[in-house]
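Hi,

Here is the structure I promised to pass on. Have a look through it first, and my notes on what turned up follow below.

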Amino acid sequence: MIRFAIALLAASAMTAAAQTKVLTVAPGPDAQERIQTALLDAKPGDTVQLAAGRYELTDGLSLDIADVTVKGAGPARTILSFKGQKGAGEGLLVTSDRVTLRDFAIEDTRGDGVKSKGADQISFLNLRVEWTGGPKETNGAYGVYPVASTNVLIDKVTVKGASDAGIYVGQSTNIIVRNSTAAFNVAGIEIENSMNADVYGNTATHNAGGILVFDLPNLPVMGGHSHRIHHNAVIDNDTQNFAPKGNIVAGVPTGTGIMVMANRDVHVFENRIDGNKSAAIMLVSYTQKFDDKTYNPLPRDIIVRDNKLGKNAWDPQFKGGSMVKALLGGKVPPIMWDGVTTFAGLPDVARVRISDGPVLNLNLPAPGDIDRAKPTISPTVGEVQVAEPKAVVLPKAQADLGA
Amino acid sequence: MAYRLFTDAGGRHANAGLTPYALNAPLFSDYAEKLRFLYLPPGAQARYRPDGVLDLPVGATLVKTFAYPADLRRPGERLRHVETRLLIHQADGWVARTYVWNAAQTEALLKRAGTRLDVRFTDGQGRARIIDYAVPNQNQCKECHQLDEGMTPIGPRARNLNGDFAYAEGTENQLAHWTRQGLLTGAPAPKDAPRAARWDDPAEPLEARARAYLDGNCAHCHNARAAASNSGLFLELEETRAPQLGIGKAPVAAGRGSGDLKVGIEPGHPDASILAYRMASTEPGVMMPELGRSIRHEEGLALIRAWIAGMKTP
């Protein structure tokens, strides 16, 4: 006969319990089922405490209860290992609101590390997501991966080895990424098809590209805008791009510091950018074919100012890079703009202001039309005044969490 | 408490209140046979809808037993029941539960956190197979059954039910049968209702079969209101836009799932199409669907490859 636990249903239908509790899980046999059961049993306000140790997991974990904290004993001590993973697209999936994930590590997932989808007030604090075999094409795509989420806080996380982006925020709104480290990924930090991101105080190093701000066509959320990328250390991004082809980041030249593709109203300032052989900063259009009349492929209203630039752009890896280098007598400016200002069917003219010269303007007539480049070099480019977006403010309870 | 869905402990004999049904384009689940039943509270009726899932009343319960015959070439014989899933329409929405059958096949117990089971059978080519069958955890039920914030059944759509079923008292179109039995109201004659092609009926047009297959196997996540909305790849039967169907569409968050290929569907070239690549894979992080299978659906893959191969190059 089929026994039916009616009491369970009654419990899940109740609203927030008066008393919150801590559900503790320790490593050992059946860790998969014990952690997952805790993630199902938690009630709003509860904490799922993962004791120190190593958890060998075989399937994806998921959380769909609002107002839950999942907490470890620190990213070096509580380790969720997915080396033996047999199923699911990620290690841990969160689909509920006001969830905080903190103080643990996720290792060697077969797909993405930790993902939130459609979550409001999602916080990733003091986490480590790592593929322990180093950078490999067979590693999962994203380390920390909020998508279609609102009020996203990523603070003090470390991501290593992602075959796409270490920290990837997609189709989301109101975002803070700070005090985090992304190393040995294809892209360190990527903000894609999103609105209002503050990215500051991070270190992006030994990736193929350090920090990317992208907008892509044919997606439910498009027209990314209003980002501030500031006070980051974007240093020695020198890992050969190892992304599987087809993915947009496979086109990021090895040795790129900061790259803005499409998007509006992006402010890049007071970053330290050094040791990136292709470019310190690149502003480029989306160059692939697309069929989407609502999409604008140009970067526009972009401000680049007061960045501290070290040695960059000595060996540009982008298409036509060696030609450009030869043309310029071997000396390539650290900042490059493709110079596309208009696009068929779009009324507005793309404007930028780059005050950290020298700047290489390729003056392309159309996105990616490198064969018709008319490169010019100038100390600065553009004078457009664009008000800086206001600092991102998260709801108070989330802002007060602290990593 | 027991639901008394079945008259015997082993769940082999459905109670009189259960109506068995089948779908034109079901989800592939590692070659499991699925025994589906609809329960409606006495007097309650489902209301017809031409699109989407039928409007099922509160109290409606969908029952689905996953079972393996000893030999796939002899369906229905020597069936081992693996799990029975219930989808129950409560006043505040649908809930999903799954019950795993014991080895003795005498009892099925609620399993909320999912598990893996060894399942053995002889496949269609006569090979002995052992698979690592995954029972989903309760959240994973929702990953597939999510629509906006809530949960929904997937299968019982008019177009999926518009086909014949061999009832004990004779074969009849399911929409007609449900209407005659008073289970369904508002349905037109079957010939005037939408119908998804039977994916495995070679007499039907290739494209209709392929689109029905994608609708049944992918579209529960790959639509604008569900788990894969952010992919921009939408595979419902109603979708007509080429990029949304994957034609010439670059991947977004596929990672190594792209298999070094550039677009979802490259017309004329299944080997250059990510869609076929991910259907062929059994590696987590690559394979699609992400949940619900651990082995390849050879026949489904062949269908999709043939459809892509026959597409005109633009």
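A quick definition before anything else: pLDDT is the predictor's confidence in each residue, on a scale from 0 to 100. You'll want that because this is a predicted model, and where pLDDT is low, the predicted coordinates should not be read in detail. Chain B has a mean pLDDT of 94, with 99% of its residues at 70 or more. Within chain B, the lowest confidence is in strand E10 (residues 146–147), with a mean of 90, and the highest is in strand E3 (residues 46–47), at 98. As for the complex, the predictor gives an ipTM of 0.91 and a pTM of 0.92.

Now for where the two chains meet. On the chain B side, 52 residues are in contact with 47 residues of chain A. Strands E6 (93–101), E7 (108–110), E8 (115–122) and E9 (128–135) of chain B, along with its helix H1 (138–145), each supply at least two residues of that side. H1(B) gives the most, with 4 residues. By type, the chain B side divides into 25 nonpolar, 15 polar and 12 charged residues.

The other thing to look at is strand E25 (residues 256–261) of chain A. E25(A) is mostly covered, with 6 of its 6 residues buried. E25(A) pairs in the parallel sense with strand E22 (residues 209–214) of chain A over 5 bridges, and Phe214(A) has Met261(A) in E25(A) as its bridge partner. Strand E28 (residues 279–284) of chain A also pairs with E25(A), in the parallel sense and over 5 bridges. There, Met259(A) has Met282(A) in E28(A) as its bridge partner.

Cheers

Definitions and conventions:
Residues numbered from 1 in each chain as written. Chains lettered and ligands numbered in written order. Predicted model: local features only at pLDDT ≥ 70, side-chain atom pairs only at ≥ 80, totals over all residues. Contact = placed C-beta atoms within 7 Å. Nonpolar A, V, L, I, M, F, W, Y, C, P; charged D, E, K, R; others polar. Buried ≥ 20, exposed ≤ 12 C-beta atoms within 10 Å, placed from the backbone. Pairing = 2+ DSSP bridges.
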